[in-house]
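Open the model in your viewer and keep the sequence panel beside it. The stops below go from the whole chain down to one side chain.

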Amino acid sequence: MRLLGPRRALPALICLGALLAAPASPPPAGAAPPPLRVPAVAGVAPLRVPAVAGAAAVRAPGFAGVAAVRAPASAADSAVRLQALLAQHSVLAADLMRSRIRGDADFVQAANSALGRNTEAMTALMRELFGAAMVRRFGPMWSEHVVELVAYASAVAAQDEPARDHAREELSEYEEELSAFFAGASHGRLSTATAHHALDRHVRHLTGQADAYAAGDYVTADRMSREGYEHMYDVGRTLADALLAPRDRAALREPVWRLRSRLGELLAEHVVLVEDATRAAVTNTPDFAAAGQMINANTRDLTAAMDTLFGGPAARRFQQVWGYHVEQLVGYAAATAGGDQAGREQATGHLGDYEQRMGALLSDITGKRMTAAELSAAFRTHDEMLLRHADAYAARDYATAHQVALATYEHGFAMARDLADAFGATVAARLPVGGAQTGYGGLARPGG
């Protein structure tokens, strides 16, 4: 798969107990598999497929019976959950804003419902972590912030500059209120200025991507949306570090937590970006090429993380197999759009081959700490969920598409947790005695 788009700075491996500052080197460009190629399908109605019935149908295990949606077992787990929900908020808000701009009323309704569920989940988590008093103040402010983001998109769609300016002014007010709120709740660990800067960047990412999307500049829109996801994931770490009790904050500096957090970010982002690309493929919309660039950038980040942990040869093997996997997922969506049942079955068959290959690869590089069978089963679940999303979207069953998307996002974090445990143990085994106490393969952002 050809790797396109800007490369994000990648965290470094803690080797021999020392955190290196330099980012990992990507594998040689010549090792990449062929570029993503998906046929354009013009003027063909989406193929109708059965809807996925019920939440239980889309909740699936990670590895060896680990539930995709875990009850937070510790403050450290809850911190990752906060990161996940804030990043998901950015994704869902961008989806809702874009659907407003397109005038897609059915998608607007489903996206609004998904964003509402995200807000409810975030509010519940904050209540659990920080108490009911904090949530009583946070909930209304956050909800109004969402309302004004939608108002901004509606104004952009209507080309109503006064309404757009008014929405931006309202958003600025909520930035100030939320900044003061978070700074106060941190008892001095987070300054108002730092909180305001973070929230202002969040709003700028979302309003900027909406402006670019309305102008047909899909590369810029998708780049800003991806940056917004990454930024809010980081904000989750910042808030957890500022608001948790000191005894809980220490866990956020443990290498294994940093590794879980980083892998979760990348795997969940993969889910989001594949869903974006398959939506564009099943509807043959002009933003498909831009979506493909973002998938390539995520693949490069995942590959560089594998390089950091296991070295160049393993990373190149991973890149080839993973890129093939992405190509088949998007090919399935294109075949669905064209009513090409043979193409759908071919892509599904190729995915089965990928799942076996990826299971064998990861089992091998982790010294059999996870079996090829359980790894293959988990990746099969991952793929099946993404295919269900494509089917539901093609059938314009947007409520089911969002339901499946939310479950698949959660599943990405369950996979990341189990992979991080196996990856960390593998790297730890290569370090001198005591190395695991100072760091054994944790991933950290430069300067983090």
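This is a predicted model: local features need pLDDT of at least 70, side-chain atom pairs count only at pLDDT 80 or more; totals for chains, interfaces and linings use all residues.

Residues are numbered from 1 along each chain as its sequence is written, and side-chain values use heavy atoms, with hydrogens and water left out.

Start with the whole chain in surface view. Of the 448 residues, 56% are buried (under 20% relative accessible area; exposed is over 50%, partly exposed in between; 1.4 Å probe, protein chains only).

Switch to cartoon. The chain has 14 helices and two strands (DSSP runs numbered from the N terminus: helices are H or I, at least four residues; strands are E, at least two).

Next, select residues 75–102, which form helix α1. Its 28 residues reach 40 Å from first C-alpha to last, close to the 40 Å expected (1.5 Å times one less than the number of residues). In α1, 25 of the 28 residues are buried. Step on to Gly 103, which follows α1 and has a positive phi, near 75°.

Now select Arg 226, in helix α6 (residues 218–243). Is Arg 226 buried or exposed? Arg 226 counts as buried because its relative accessibility is 9%. Show the side chain of Asp 301: the side chain of Arg 226 makes a polar contact with it at 3.1 Å (a pair of N or O atoms within 3.5 Å; within protein, one must be able to donate a hydrogen and the other to accept it, and residues adjacent in sequence count only if both atoms are side-chain atoms).
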